[in-house]
Amino acid sequence: MYSSVDVIWTLLGAFLVFFMQAGFTLVESGFTRAKNAGNIIMKNLIDFCFGTLLYWVIGFGIMFGGSSAIFGGINFFAGNSLTFDLPTPTFLLFQTVFCATAATIVSGAMAERTNFIAYCIFSAVISGLIYPISGHWIWGGGFLAEMGFHDFAGSTAVHMVGGIAAFAGAAIVGPRIGKYTKDKKSNAIPGHNLTLAALGVFILWFSWFGFNGGSTTSMTGDDTILIASNVLVNTNIAAATGTLTALIISWFRYKKPDVSLTLNGTLAGLVGITAGCDMVSAGGAWIIGLASGAAMIFAVEFIDKKIRVDDPVGAVGVHGVCGALGTIMTGLLALDGGLFYGGGTSFFFTQILGVLVTAVWVGASASLLFFALKHTVGLRVSEKIELEGLDLEEHGLQSAYSGFVVTPDMRNANELPLSANTAPATGMFGKEPVLATDISNVQVEAVTETTRNSSDIQTNWKRVQQGELETLPISMVSVVINENKLDELKKGLEKIGIEGLTVTQVLGHGIQKGSTEYYRGSVIPTKLLPKVKVDVVISSIPVHQVINTMKHILHTGQPGDGKIFVSAMDNVVRISNNDEGTEALQGYTAD
């Protein structure tokens with residue numbers, strides 16, 4: 001006889017855990033570059049599909065098909081001979097979504113450079129073999145379960161398994177191009193959309209109530225209801241604490257609160273509490289969240305900068321390190337049997353042993369698999385594919401953001417595509433630039449490039465400065481600025497009578513390259529940044545008035561204020577009525 005309440009509660013938990021696939025997809029795509037977003041989507045999708053089929057065909061039987069110490073059994077297609085407190089299909093579905101979660105963790109750590117075919121093979125093997133074997137030891141009646149090892153909802157069984165496999169894969173596939181300099185310093189490669197990543201974290205936080213709460217697989221009886229309630233409260237407390245801990249530590253270490261690491265802190269707290277959420281108090285959950293948030297920050301930094309394993313999303317630190325930490329801390333903080341509550345060392349050392357044994361199994365089996373893939377189908381895409389993006393070459397997808405303008409990811413000007421609307425600092429307007437005003441220093445400098453009219457123009461410019469001339473006959477004044485200054489500049493120019501201007505989207509940076517910025521604790525390499533170039537053609541308004549207006553609006557005294565370029569023009573022709581010269585720059589009546 002089955003309890004309908006228990007079945008409904010367990011299925012609700014399964015549905016929430018399934019929704020975690022959406023959360024992981026958003027987090028991983030947000031933390032990586034736009035040119036690989038479609039590839040991330042595909043990996044998270046096929047993880048669940050391979051997980052569903054392989055776990056149904058063989059994995060479920062290996063995990064729950066017997067009570068032997070090492071291996072459950074061969075029971076294909078979750079045969080009816082398996083009996084549980086819940087209907088077998090209900091229990092199968094609940095365990096399937098957990099299996100898919102373990103596989104999905106790996107995709108983020110290996111993102112942006114992994115061969116899709118190789119990843120498909122790995123996803124199938126971890127779902128059908130690697131995860132079920134260690135899962136049997138912990139949840140299927142294997143030797144760790146017999147020893148008293150406790151992992152309520154999968155800090156080790158799910159998250160550390162995924163984290164260890166992620167570390168093996170990321171180490172073997174190697175870092176992304178440009179991630180480390182020749183002197184082995186870490187370059188930050190910022191994700192393209194932290195809004196997506198944040199939405200993914202909120203989805204994961206919400207779904208974790210099913211991950212942990214649903215793991216009671218029952219809501220029958222007052223004792224079970226109380227346990228489930230405590231599980232949910234502890235889950236929430238640990239998540240909030242991990243978030244705040246990561247925020248504070250990143251603020252102190254990097255001078256500003258790091259958004260991506262703070263989001264990782266939420267997941268760190270959730271992963272850490274998953275093992276002991278049924279055994280610890282709310283205070284214990286707070287301690288686990290605190291430790292997990294702190295450990296994640298230092299683990300991400302150590303993995304990236306010391307051992308130089310490129311993990312774009314922090315999967316190893318969040319799931320591998322915090323999964324192990326939370327499991328071990330359960331041995332300290334469990335109200336019944338924890339070392340800090342008078343339980344002695346036995347349970348604590350059992351937790352450590354379980355973590356070590358599982359880590360060795362997953363690390364060895366995953367490494368062997370990745371090495372085999374590397375030397376057969378190939379684990380990594382070519383340099384050409386990686387630079388162009390996996391979306392295009394692996395999936396025939398021009399962009400996951402069709403209809404949107406996506407800024408190219410460029411490390412320096414040499415990587416500019418020919419189609420990019422950019423211009424270098426010298427020769428910015430063909431062969432006509434003559435004078436440049438550095439806004440930050442408020443000084444006029446002569447451009448050294450010789451042009452056909454340079455001597456005449458510079459003479460006239462000096463006469464303008466001395467008041468002998470009101471303006472150059474026809475001049476173009478151009479400035480490259482941050483877009484957030486555009487509206488203020490337009491209003492300022494309108495006040496002095498300039499209503500016609502041209503605005504162009506460009507990419508670039510000045511000689512000083514701006515201030516140093518950090519992402520996840522690593523310095524962000526200088527990139528060609530999105531800017532706007534404003535061109536103004538004038539004749540009747542004094543050049544110095546336009547320049548002074550621009551300087552007044554744009555000047556902050558910091559690197560990045562930009563330069564104002566002044567160039568002479570031979571002629572201007574208005575197409576509509578053939579007016580030329582200064583007449584073409586004046587207003588006119590259409591009739």
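The model is predicted. It holds 2 cavities of 30 Å³ or more, and the count of salt bridges comes to 10. Four residues, Arg-33, Glu-112, Arg-176 and Asp-310, are linked in a network of salt bridges.

**Largest cavity**

- The space in the largest cavity is about 170 Å³.
- Its lining is made up of 17 residues, and those nearest the centre are Lys-179, Asp-304, Asp-311, Pro-312 and Arg-520.
- By class, this lining has 8 nonpolar, 3 polar and 6 charged residues.
- Helix α10 (residues 282–306) supplies the largest share of the lining, with 3 residues.

**Second largest cavity**

- Among the lining residues are Phe-24, Val-27, Glu-28, Ile-105 and Gly-108.
- The lining also includes Asn-264, Leu-267, Val-313, Gly-314, Ala-315, Val-318 and His-319.
- At least two lining residues come from each of the helices α1 (4–30), α3 (88–109), α9 (259–273) and α11 (315–333).

**Salt-bridge network**

- Arg-33 and Glu-112 form a salt bridge through their side chains, with an N to O distance of 3.0 Å. Arg-33 sits in the loop between α1 and α2, and Glu-112 in the loop between α3 and α4 (116–139), so this pair ties together parts that are 79 residues apart in sequence.
- Glu-112 also meets Arg-176 in a salt bridge, at 2.5 Å from N to O. Because Glu-112 is in the loop between α3 and α4 and Arg-176 in the loop between α6 (155–173) and α7 (194–213), the pair ties together parts that are 64 residues apart in sequence.
- Arg-33 and Glu-112 are both buried, and Arg-176 is buried as well.

- The side chains of Arg-380 and Glu-386 are joined by a salt bridge of 2.8 Å, N to O.
- Arg-380 has a relative accessible area of 28%, so it counts as partly exposed.
- Glu-386, in contrast, is buried, because its relative accessibility is 2%.

**Nonpolar surface patch**

- A nonpolar patch on the surface is formed by Leu-53, Trp-56, Ile-70, Phe-71, Ile-74, Phe-76 and Phe-77.
- Together these residues have about 690 Å² of accessible area.
- Trp-56, one of the patch residues, is placed in helix α2 (residues 37–64).
- The relative accessible area of Trp-56 is 36%, so this residue is partly exposed.

**Positive phi values**

- Most residues other than glycine have a negative phi.
- Lys-255 has a positive phi, near 75°. This residue lies in the loop between α8 (222–254) and α9. Lys-255 is exposed, because its relative accessible area is 66%.
- Arg-308 also has a positive phi, near 55°. The loop between α10 and α11 holds Arg-308. With a relative accessible area of 33%, Arg-308 is partly exposed.

How values were computed: Residues are numbered from 1 along each chain as its sequence is written. This is a predicted model: local features need pLDDT of at least 70, side-chain atom pairs count only at pLDDT 80 or more; totals for chains, interfaces and linings use all residues. Side-chain values use heavy atoms; hydrogens and water are left out. On a 1 Å grid over the protein atoms alone, a cavity is a set of points where a 1.4 Å probe fits but cannot get out, and a pocket is an open set with protein on both sides within 12 Å along at least five of seven lines; lining residues have an atom within 4 Å of a point. Grid points are joined across faces, edges and corners, and a volume is the space filled by probe spheres set on the points. Helices (H or I, at least four residues) and strands (E, at least two) are DSSP runs, numbered from the N terminus. Ala, Val, Leu, Ile, Met, Phe, Trp, Tyr, Cys and Pro count as nonpolar, Asp, Glu, Lys and Arg as charged, and the others, Gly among them, as polar. Patches are made of residues with over 30% relative accessible area and no salt bridge: like charges are joined within 9 Å, nonpolar side chains (Val, Leu, Ile, Met, Phe, Trp, Tyr) within 5 Å. Accessible areas come from the Shrake-Rupley method with a 1.4 Å probe; for residues, only the protein chains shown count as cover. Buried means under 20% relative accessible area, exposed over 50%, partly exposed in between (1.4 Å probe, protein chains only).
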